[in-house]
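Let's take a look at how charged side chains pair up here. Have the sequence and the model side by side as you read.

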Amino acid sequence: MYLWVDDLRQPPKDGNDWLWARSVLEAKTIIILYERRNEREPIYIDLDHDAGDYAWDGGDYIEVLKWLERQELPNKDYTFHLHTQNPVGRDNMRAIINSNGWVESN
């Protein structure tokens with residue numbers, strides 16, 4: 001699964017079939033539903049940091065990472081890409097990714 005998490009920017013047109021979550025709650029819902037159906041398939045999550053007008057629905061997108069590290073979901077095969085322009089947010093998100101042994105792609 002390819003999950004794009006951003007309030008404004010659209011997913012890339014790169015041949016992948018992206019699901020687009022604009023809020024933290026939407027992202028969590030997509031991940032849970034996907035995990036229930038395909039627990040062995042890898043999940044690629046491309047994250048912004050600042051949720052803008054969608055922050056009311058779960059906070060900024062770093063909350064997706066904080067939530068994932070608390071969950072006991074069957075699939076831990078996550079790869080992340082951070083497309084945020086917020087350097088402090090990127091560093092904070094990267095710290096969570098690294099502390100969980102997840103993969104960050106370029």
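## Charged pairs

Arg94 forms a salt bridge with Glu104, their closest N and O atoms sitting 2.8 Å apart; a salt bridge here is a side-chain nitrogen of Lys or Arg within 4 Å of a carboxyl oxygen of Asp or Glu. This pair links distant parts of the chain, with Arg94 in helix 3 (residues 87–99) and Glu104 in strand 5 (residues 103–104), 10 residues apart. Helices (H or I, at least four residues) and strands (E, at least two) are DSSP runs, numbered from the N terminus.

This is a predicted model, where local features need pLDDT of at least 70 and side-chain atom pairs count only at pLDDT 80 or more, while totals for chains, interfaces and linings use all residues. Residues are numbered from 1 along each chain as its sequence is written, and side-chain values use heavy atoms, leaving out hydrogens and water.

By the salt-bridge rule, the count comes to 4. Here are some of them:

| Pair | N to O distance |
|---|---|
| Arg94 and Glu104 | 2.8 Å |
| Arg9 and Asp6 | 3.0 Å |
| Lys66 and Glu63 | 3.5 Å |

Lys66 and Glu63 are 3 residues apart in helix 2 (residues 62–70), so about one helical turn separates them. Asp6, Arg9 and Asp48 are linked in a network of salt bridges.

Then there's Asp46, in strand 3 (residues 43–47).
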